[in-house]
Amino acid sequence: ADIPVIPDLEEVQEEDLAMQVAAPPSVQVNRVLTYHDLDKDLMKCAAFQTLDGEVDLKLLTKVLAPEHELREDDVSWDWDRLFTEVSSELVTEWDLGQSERED
């Protein structure tokens with residue numbers, strides 16, 4: 001008597017699921033740290049001062065490049081020009097290598 005029955009398509013169409021919407025997930029938004037904040041935390045954190053408990057990284061962290069030196073403007077590349085530049089540099093290097101072998 002308790003045999004599961006596959007519903008007919010007509011029965012399923014009668015149920016209006018189009019107006020039912022799932023609730024959106026709740027997500028906590030955390031503040032994204034800036035490079036300045038990360039630099040401060042790096043100097044404070046003891047885990048980044050040594051590597052494997054043996055190698056002192058303090059000197060390395062003192063000479064890391066600041067953010068403004070790492071930023072570069074976006075430059076669009078032109079395939080033909082880039083190919084020409086690389087090709088000419090390779091030919092120049094090849095010619096120099098050939099002339100050194102002859103000497």
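# A predicted chain of helices and strands

Because its relative accessibility is 47%, L60 counts as partly exposed, a class lying between buried (under 20% relative accessible area) and exposed (over 50%), judged with a 1.4 Å probe and protein chains only. This is a predicted model in which local features need pLDDT of at least 70 and side-chain atom pairs count only at pLDDT 80 or more, while totals for chains, interfaces and linings use all residues. Residues are numbered from 1 along each chain as its sequence is written, and side-chain values use heavy atoms, with hydrogens and water left out.

The protein chain contains five helices and two strands, which are DSSP runs (H or I of at least four residues for helices, E of at least two for strands) numbered from the N terminus. Along the sequence these elements follow the order α-α-β-β-α-α-α. Of the 103 residues in the protein chain, 3% are buried.

The mean pLDDT of the protein chain, a confidence given by the predictor for each residue from 0 to 100, is 78, and 79% of the residues score at least 70. Among the elements, strand β1 (residues 50-51) has the lowest mean, 66, whereas α5 has the highest, 90.

L60 lies in helix α3 (residues 58-62). In helix α5 (residues 79-102), E85 and R81 are four residues apart and therefore separated by about one helical turn. E85 forms a salt bridge with R81, their closest N and O atoms being 3.1 Å apart; such a bridge is a side-chain nitrogen of Lys or Arg within 4 Å of a carboxyl oxygen of Asp or Glu. By this rule the count is one salt bridge.

| Residue | Relative accessible area | Class |
|---|---|---|
| L60 | 47% | partly exposed |
| E85 | 36% | partly exposed |
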